[in-house]
Amino acid sequence: MSIESPAKNWLHAPTGTERAWIGLALLWCIVLTLAMPYWHFKGKQNSTGEAYTVEPTRFADRVQQFVDSNKVGEVNGTPIAEPPPGGDAYLQAQMWRFYPVLQFKKGQTYRLHISSLDIQHGFAVLPINMNFQVLPGYDHVLTITPTMAGEFPILCNEFCGIGHHQMTGRIIVTE
Amino acid sequence: MTTLDPTVEGALPETEAAGRGNHPPGTFRVCATTGLTVDLAAEKFIKINAVFAVVFLLLGGIAALLLALTRWSAVHLLNAEWYYRMTTFHGLNMLILWILFMEIGILYFAATALLKSRLASVKAGWAGFACMAVGAIMLDAVILAGKADVMMTSYVPLRAHPTFYLAIILVAVGTLIGVINFLATVYIAKRDKTYSGSVPLVVFGAITAAIIAVSTLLHGAGIMIPTFLWSIDVIDHVDPAAYRLVWWGLGHQSQQVNVAAMVSVWYLLGTLTVGAKVLNQGVSRTAFLLYILFINLASAHHLLVDPGVSAGWKIWNTSYAMYLAVLASMIHGYTVPAAVEVALRKQGHTKGLFGWLGAAPWKNPGFSGFFLSLLIFGFIGGITGVTLGTEQINIIAHNTLRIPGHFHATVVGGTSLAFMALAYYVVPLIFRREFPLRWMCRAQPYVFAAGIVLMSLGMSFAGSYGVSRRSWDVEASGALHPVSYDPSVHVWLGVLGIGGSLAFVGLLMFVVPTVLAVFFGKRVEAKMPAW
Ligand code: HEM
Ligand SMILES: [Cu+2]
Ligand SMILES: [Cu+2]
């Protein structure tokens with residue numbers, strides 16, 4: 001009875017199927033526990049959380065510098081910037097746009113710096129569906145190697161005010 | 001041993017023989033159905049907390065319908081401003097207000113009726129309730145006034161009116177007072193030896209919930225007080241990463257309070273509906289203990305794609321700690337239905353492997369609600385939760401509709417449905433009113449469960465194509481750079497909308513008979529009528 005005090009000496013080891021179930025469940029939990037670090041080394045897509053504190057105004061300066069020296073074109077009034085292979089790329093999030101449009105080469109590795117100038121935003125790449133958090137004051141560094149060519153929409157996925165659903169950007173990957 | 005099935009005649013415990021605890025004369029009554037002593041002061045608090053809970057459930061439910069009809073892209077009902085406002089309103093009314101008022105009622109019930117004790121302090125009961133009620137009303141007012149469109153997470157530096165943070169602090173303080181009043185009651189019951197041996201399992205579960213709640217509420221104070229001070233310009237900066245870390249110490253742990261409370265309700269309803277006996281007290285109690293020991297660290301699964309926390313930290317916290325709490329849920333997920341099976345087999349339903357299941361009282365909404373809650377929480381909620389909580393899958397799922405798809409299976413199909421099932425006993429036993437519209441009550445758990453499962457599936461599938469949660473317009477029309485999804489997302493958003501509407505119907509099928517029963521129901525004079 002769950003609503004009465006149990007009889008004295010209620011502490012017994014589980015027996016029978018109950019014991020088997022607990023053993024099985026425990027085993028499964030151990031498998032899961034090992035799977036996570038295993039996949040961190042085996043898998044190709046991890047969230048390392050690499051980040052540096054940065055003043056939003058300083059970050060905006062770096063983004064502008066990056067755009068000025070790497071601009072390769074323009075789309076919908078937003079500059080397209082292409083960093084050298086192996087180089088650093090900068091993406092600025094603010095209410096309600098991403099700046100600039102980034103262009104990468106397939107198979108090259110880049111360090112992508114993302115930060116916000118105002119409030120929290122989200123960085124979602126479609127349709128491959130990668131999501132990261134973007135905080136003001138933190139330069140979030142993602143080491144990325146594009147494996148497919150094409151145009152990939154970026155979407156803000158953290159609520160950031162009334163224009164949230166219109167906050168989009170773009171990544172272009174060339175062969 | 002006796003069974004405690006009020007639907008079985010003559011199966012009640014010997015009320016005369018039972019001790020009367022520490023109640024002063026004239027401050028309690030003996031329940032004619034269960035033989036439990038009901039402290040009259042505690043009974044009053046259980047009633048007002050339950051009434052407030054149902055009011056907020058209805059408010060949150062109206063917002064829920066509007067949200068479901070907005071996310072259903074073919075309907076797209078609200079405008080952007082009201083969609084975001086209603087998301088904030090729905091999250092807080094449901095997850096905070098409906099759940100917390102219910103839980104305080106459950107704690108008061110467990111400590112007084114099950115331990116045969118008076119309530120530790122009537123004054124504290126009023127003080128806690130007043131803080132919660134005032135805070136709740138302030139909270140809803142400031143959101144509806146359009147001064148706090150910040151979502152329930154209110155991530156800084158997005159800023160709401162100071163009243164918003166103050167209201168949340170008030171609700172938290174009121175809840176903390178209630179929780180302490182509960183723990184004090186458990187203490188005086190022990191001191192006055194109102195029971196012998198260990199506390200009943202349901203009380204043990206409630207104590208688990210209360211202990212986690214204290215930790216939860218301290219995290220809440222730790223982050224909401226600085227944020228309130230920041231909102232009135234006393235502090236000039238609240239670090240957004242630190243905010244997320246501490247806020248999720250509140251946000252995640254409170255879910256564990258809900259789980260512990262829900263599991264306690266499962267055990268309670270197992271006993272009330274089919275006379276289930278706990279198979280192994282030690283096992284069930286150890287499982288509750290695991291929740292306390294291992295849950296806080298699992299809060300890290302909300303920060304899996306955050307900057308500033310290392311992969312090692314993320315993996316350690318989520319894998320090591322989360323899975324031992326998962327183990328606890330897997331244990332309860334076995335022991336609860338097993339106890340039901342044993343009870344039903346003893347009553348002669350022994351045909352085949354699942355004959356007992358067919359013979360279960362499926363027309364009793366207290367039973368069907370409880371059992372559906374167990375299935376939805378365990379299969380949909382549990383599996384999606386463990387999946388989403390891994391480092392790499394979280395990259396795919398973070399802030400997509402997969403997340404509300406998961407937690408509508410845990411805290412709605414699980415906890416909320418269990419609490420509704422409980423109400424089918426609380427109203428006749430505590431309010432001592434009969435339910436009218438009994439056919440509606442009998443159907444309610446099925447309708448609500450079907451709606452929530454559909455909605456949860458719609459959300460999960462739309463989310464796996466990358467559709468964001470908390471987003472007014474999937475098409476992002478008017479955006480500088482267009483986005484597009486696989487066209488099938490609109491089908492899944494339709495499933496979300498239809499499921500959500502059905503769940504809303506199920507919610508009304510709960511609220512309407514409950515309100516009618518409480519205010520106009522026929523008085524239950526002796527035993528509660530069998531379901
Ligand atoms: C009739 C029942 C319900 C329906 C139809 C429903 C529907 C929804 C919908 C459509 C959303 C918005 C998802 C989005 O656009 O991001 C949502 C969010 C949410 N719901 Fe429910 N819901 C119901 C019941 C509940 C209950 C009972 C709870 C809690 C106990 C709850 C907790 C939440 C929370 C916490 C959110 C997230 C709000 C946010 O993103 O800040 N819901 N719900
Ligand atoms: Cu944004
Ligand atoms: Cu959590």
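Trainee: How do the residues of the shell around ligand 1 divide into nonpolar, polar and charged?

Mentor: This is a predicted model, in which local features need pLDDT of at least 70 and side-chain atom pairs count only at pLDDT 80 or more, while totals for chains, interfaces and linings use all residues. Residues are numbered from 1 along each chain as its sequence is written, and chains are lettered from A and ligands numbered from 1 in the order in which they are written. Ala, Val, Leu, Ile, Met, Phe, Trp, Tyr, Cys and Pro count as nonpolar, Asp, Glu, Lys and Arg as charged, and the others, Gly among them, as polar. On that basis the shell around ligand 1 divides into 16 nonpolar, seven polar and three charged residues.

Trainee: Which element gives the most to the shell around ligand 1?

Mentor: A residue is near the ligand if its C-beta atom, placed from the backbone, lies within 6 Å of it, and of the 26 residues around ligand 1, B:A64, B:G91, B:M94, B:R469 and B:G500 come nearest. Two or more residues each come from α1 (40–71), α2 (80–112), α12 and α14 of chain B, where helices (H or I, at least four residues) and strands (E, at least two) are DSSP runs numbered from the N terminus. The element that gives the most, with seven residues, is α2(B).

Trainee: Are helices α12 and α13 of chain B roughly parallel or roughly antiparallel?

Mentor: Axes are lines fitted to C-alpha atoms, for helices over the stretch in contact, and angles run from 0 to 180 degrees between N-to-C directions. The axes of α12 (residues 402–431) and α13 (residues 438–464) of chain B come within 7 Å and cross at roughly 170°. Angles under 35 degrees count as roughly parallel, over 145 as roughly antiparallel, 65 to 115 as roughly perpendicular and the rest as oblique, which means that α12(B) and α13(B) are roughly antiparallel.

Trainee: Is B:L437 buried or partly exposed?

Mentor: B:L437 lies in the loop between α12 and α13 of chain B, and it has a positive phi of about 45° although it is not a glycine. Because 15 C-beta neighbours lie inside 10 Å, B:L437 counts as partly exposed.

Trainee: Is B:R470 buried or exposed?

Mentor: B:R470, in the loop between α13 and α14 (488–520) of chain B, also has a positive phi, near 50°. Because it has 23 C-beta neighbours inside 10 Å, B:R470 counts as buried.

Trainee: Which element gives the largest share of the side of chain A that touches chain B?

Mentor: Two residues are in contact if their C-beta atoms, placed from the backbone, lie within 7 Å, and the contact takes 61 residues from chain A and 72 residues from chain B. The largest share of the chain A side, twelve residues, comes from α1(A).

Methods: Buried ≥ 20, exposed ≤ 12 C-beta atoms within 10 Å, placed from the backbone.
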